[in-house]
Structures are given as structure tokens and as C-alpha cells.
Amino acid sequence: MSEALIVIDMQNDFCPGGALGVDGGDTLVRGINARMADFGAVILTQDWHPKGHASFASSHPGANPMEVVEMPYGPQVLWPDHCVQGSRGAQFHTDLNTDRADMILRKGYNPALDSYSAFFENDRRTPTGLHGYLQTRGIDRITLVGLALDFCVNFSAVDAAGLGYDVRVEQALCRGIDTHGSMSAALAGMRAAGATLI
Ligand code: VGL
Ligand code: ZN
């Protein structure tokens with residue numbers, strides 16, 4: 001069985017200056033590129049929302065970014081508009097080595113449902129197809145890097161562990177948003193799920 005490097009959402013909008021810029025996000029690019037050589041498979045994820053997406057505060061009259069609202073599938077943080085399909089913000093950081101990617105997985109395209117995890121949308125039931133892809137390639141170990149540690153990396157790690165993968169999260173190649181105590185909750189949740197934090 002081989003091991004995959006899964007690079008989460010290394011896009012302009014999650015880097016400083018972007019719509020949902022994560023401090024130091026851009027500083028990860030060199031290290032992530034260098035790490036790609038160590039894996040038999042490299043997969044990139046790309047947050048990819050239609051205009052007016054339900055996770056945008058602008059879609060909820062009177063609401064502000066970073067507020068939490070109750071959605072039919074549970075609590076949802078409302079974000080500034082970000083990673084809109086076709087926009088510059090949705091493109092990968094220009095220095096990210098996208099040539100090395102075997103697969104680019106887009107997520108968050110369902111207008112009514114957010115998708116933090118690379119495996120399931122935020123209803124925690126709708127699959128993205130990544131599990132089938134990894135299974136058919138015989139991949140049972142994954143290493144996660146990218147943005148944001150407390151949202152998309154976290155949800156991906158917990159789902160992957162639940163699906164039975166051997167999961168490592170390389171914290172030096174991740175940065176977090178940290179809102180509403182999300183960072184400490186994410187670290188505890190990933191550990192509890194059985195992911196190894198390096
Ligand atoms: C993410 C918030 C909204 C992430 C994506 O990549 O962690 N966070 N959409
Ligand atoms: Zn998003």
C-alpha cells in the first residue's frame with residue numbers, strides 16, 4: 001500500500017491579502033513543494049464555491065463574517081465571500097507545484113452545503129469521492145498539510161481516521177484561522193479521532 005500527501009486548500013484567498021487570509025499561509029508553499037517528492041501520490045484540494053454560497057455571511061441578511069448560525073446540517077461559521085469559482089482568490093498560490101498533483105479535488109460546490117473535509121461535505125454524509133479514489137489506488141496512509149489547520153485540515157483528518165486511514169498531520173506545514181476556540185478544539189478532536197499530529 002502506498003501513502004498520499006493531501007495538500008489542503010493552498011489558495012490565494014487563504015493566504016495573506018486574500019478574502020480569508022490565514023497568517024503565514026503563504027510561508028508554507030516552499031516546504032509543501034519540497035515534501036511532494038517523498039510520496040507516491042499527491043492530491044490537492046481546492047475550495048470551490050458558487051457565488052452566493054450558503055457559507056458566506058453575505059448570503060444571510062444582517063449577519064457578519066465569523067458569526068455562527070444553525071444550518072439544517074448543524075452549526076456553521078459564516079465566512080467572508082471566498083474561493084468563488086473562477087476567481088483569482090480560488091486559484092492555487094502561484095508558487096505551489098501543481099504539476100506534481102495526480103488529482104485535484106474540488107469541494108464546496110453545493111450552494112446550500114459547505115464542505116470543509118476532503119472526504120465528506122458538512123452534513124458529514126455526502127461523499128466527495130476521495131475515499132473511492134484512494135481505495136482504488138490502494139492508498140491507506142495519508143499525510144495532511146495546508147490550510148486551515150482548524151477547519152479543512154481538521155475535518156479531513158477526523159474523517160480519514162474514521163474511514164480507517166493511518167493519518168498524519170504535519171503541523172509545521174499547516175496554519176490555522178483560530179476563531180471561537182477552533183484551534184484547541186481541532187487539536188483535541190484530531191487526537192481523539194486517532195490522527196497523529198507531527
Ligand atoms: C476553509 C473556511 C471556509 C478551509 C474553507 O480551507 O479551512 N475554511 N472554507
Ligand atoms: Zn470555503
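Predicted model: local features only at pLDDT ≥ 70, side-chain atom pairs only at ≥ 80, totals over all residues.

Student: In what order do the strands of the open sheet lie?

Tutor: Strands of a sheet pair through backbone hydrogen bonds, either parallel or antiparallel. Helices (H or I, at least four residues) and strands (E, at least two) are DSSP runs, numbered from the N terminus, and two strands pair if DSSP finds at least two bridges between them. Here six strands form an open sheet in the order β5-β2-β1-β6-β7-β8, with parallel pairing. Its edge strands are β5 (103–107) and β8 (196–197), each of which pairs on one side only.

Student: To which strands is β1 joined, and by how many bridges?

Tutor: Strand β1 (residues 2–8) runs parallel to β6 (residues 139–147), and seven bridges join them. Within this pairing, Ser 2 is opposite Ile 139 and Glu 3 is opposite Arg 141. Four bridges join β1 to β2 (residues 41–47), again in parallel. There, Ala 4 has Ala 41 as its bridge partner, and Ile 6 has Ile 43. A helix also belongs to this part of the chain: β1, α1 (residues 29–35) and β2 make a right-handed β-α-β unit. Right-handed means that, with the strands pointing away from the viewer, the path from the first strand over the helix to the second runs clockwise.

Student: How many residues of β1 and of β2 are buried?

Tutor: Buried means under 20% relative accessible area, exposed means over 50%, and partly exposed lies in between (1.4 Å probe, protein chains only). In β1, six of the seven residues are buried; in β2, seven of seven are. In a regular strand the side chains alternate between the two faces of the sheet. Both faces of β2 are covered, with Ala 41, Ile 43, Thr 45 and Asp 47 buried on one side and Val 42, Leu 44 and Gln 46 on the other. Strand β2 also pairs with β5 in the parallel sense over five bridges, where Gln 46 stands opposite Arg 106.

Student: Why is helix α3 described as largely enclosed?

Tutor: Of the 14 residues of α3, 11 are buried, so the helix is largely enclosed by the rest of the structure. Its cover includes β1, β4 (74–77), β5, β6, β7 (166–175) and α4 (182–193); contact means heavy atoms within 4.5 Å. One residue of α3 (residues 149–162) is Asn 154, which is buried, with a relative accessible area of 10%. Not counting residues up to four places away in sequence, Asn 154 touches Ala 148, Leu 149, Ala 186 and Met 190. Just after the helix, Gly 164 takes a positive phi of about 100 degrees.

Student: Is Thr 196 buried, partly exposed or exposed, and what does it touch?

Tutor: Thr 196, in strand β8, is partly exposed, with a relative accessible area of 40%. Leaving aside residues up to four places away in sequence, Thr 196 touches Val 167, Arg 168 and Val 169. The C-alpha atoms of Thr 196 and Val 167 are separated by 6.1 Å, although these residues are 29 residues apart along the chain.

Student: Which residues coordinate the zinc ion (ligand 2)?

Tutor: Donors are N, O and S atoms within 2.8 Å of the metal (3.2 Å for Na, K and Ca); water is not among the atoms, so sites may look incomplete. The zinc ion (ligand 2) is coordinated by Asp 47 (OD), His 49 (NE2) and His 82 (NE2), at 2.0 to 2.2 Å. In sequence these donor residues are spaced D-x1-H-x32-H. Both Asp 47 and His 49 are buried.

Conventions: Residues numbered from 1 in each chain as written. Chains lettered and ligands numbered in written order. Heavy atoms only, no water.
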